[in-house]
Amino acid sequence: MIRAKGLTKTFPNAKIPALNQVNLEIQNGEFISLVGRSGSGKSTLLYLISTLDSASSGEVFYDQINIKDIPAEEIYQLRNKQIGFVFQFHYLIQELTAIENVLLAARKAKEHEKRKDLAISLLKEVGLEGLEHRYPSELSGGEQQRVAIARALIMEPTYLFADEPTGNLDSINGQIIIDLFEKINREKGTTIIFVTHDKEFAAKAKRQITLVNGVLAV
Ligand SMILES: Nc1ncnc2c1ncn2[C@@H]1O[C@H](COP(=O)(O)OP(=O)(O)O)[C@@H](O)[C@H]1O
Ligand SMILES: [Mg+2]
């Protein structure tokens, strides 16, 4: 479970907070879309609740534990093992093949060998069977984003965060990604929170959260 309490973020030199007193509870197994206009604070909220950035004030709890109280080494473990993150620009490593990109977190955890079969099956699950040894430059944008999703799932995280994962894709490839999220949530019980501008995609989630000027709309 993730709980945000009074979460506020004011960037240096900003007059108004990007995120203002956000209270939010996310139960394990939820499938949530996060919507709102550009600049409404979606990425900021996602970064704060995924431990990738820290708040100006307010708290984030993971299963009752305030992430501020977690020692640096354990935060690193939490990020590597329990949290998967998919960025709008997928940030695949160009020098590595698809399967090597997928195995990055496993390599860091010294579980490269142990998770090789899982990497192959994840790539199959995202529709990339046979393309395991291609480099990112040899894949389409949609295929690269699917590699990024497989990469985020390699440690079988409890939580998957995705910041506009379909933002740079055409509607067919976008649909493939959202269907994939739906399937992962249903079959693996992964808690998924994704940001989107697309109303139809947002409606596929079981719960929709809207941000307006850094404040949660009810
Ligand atoms: N690193 C940053 N430094 C300064 N201002 C930022 C930074 N990141 C975001 N902002 C500002 O915070 C607000 C919310 O941004 P963001 O969370 O990226 O919105 P969204 O993802 O909904 O488009 C915007 O006004 C944006 O300009
Ligand atoms: Mg954003």
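Mentor: Of the contacts in the chain between residues at least 6 apart in sequence, 72% join residues at least 24 apart; two residues are in contact if their C-beta atoms, placed from the backbone, lie within 7 Å.
Trainee: What kind of model is it, and how are things numbered?
Mentor: It's a predicted model: local features need pLDDT of at least 70, side-chain atom pairs count only at pLDDT 80 or more, and totals for chains, interfaces and linings use all residues. Residues are numbered from 1 along each chain as its sequence is written, while chains are lettered from A and ligands numbered from 1 in the order in which they are written.
Trainee: Why does 17 Å agree with a compact globule?
Mentor: Because a compact globule of 218 residues would have a radius of gyration near 17 Å, and the chain has 17 Å. That's taken over C-alpha atoms, and the globule rule is 2.2 Å times the number of residues to the power 0.38.
Trainee: How far does the C-alpha trace span along its principal axes?
Mentor: About 50 × 40 × 35 Å.
Trainee: New topic: which residues does Leu34 contact, leaving aside neighbours within four places in sequence?
Mentor: Lys42, Leu45, Leu46, Ile193, Phe194, Val195, Ile209 and Leu211.
Trainee: And which residues are around ligand 1?
Mentor: Among them are Phe11, Gly36, Lys42 and Thr44; the cut-off is a C-beta atom, placed from the backbone, within 6 Å of the ligand.
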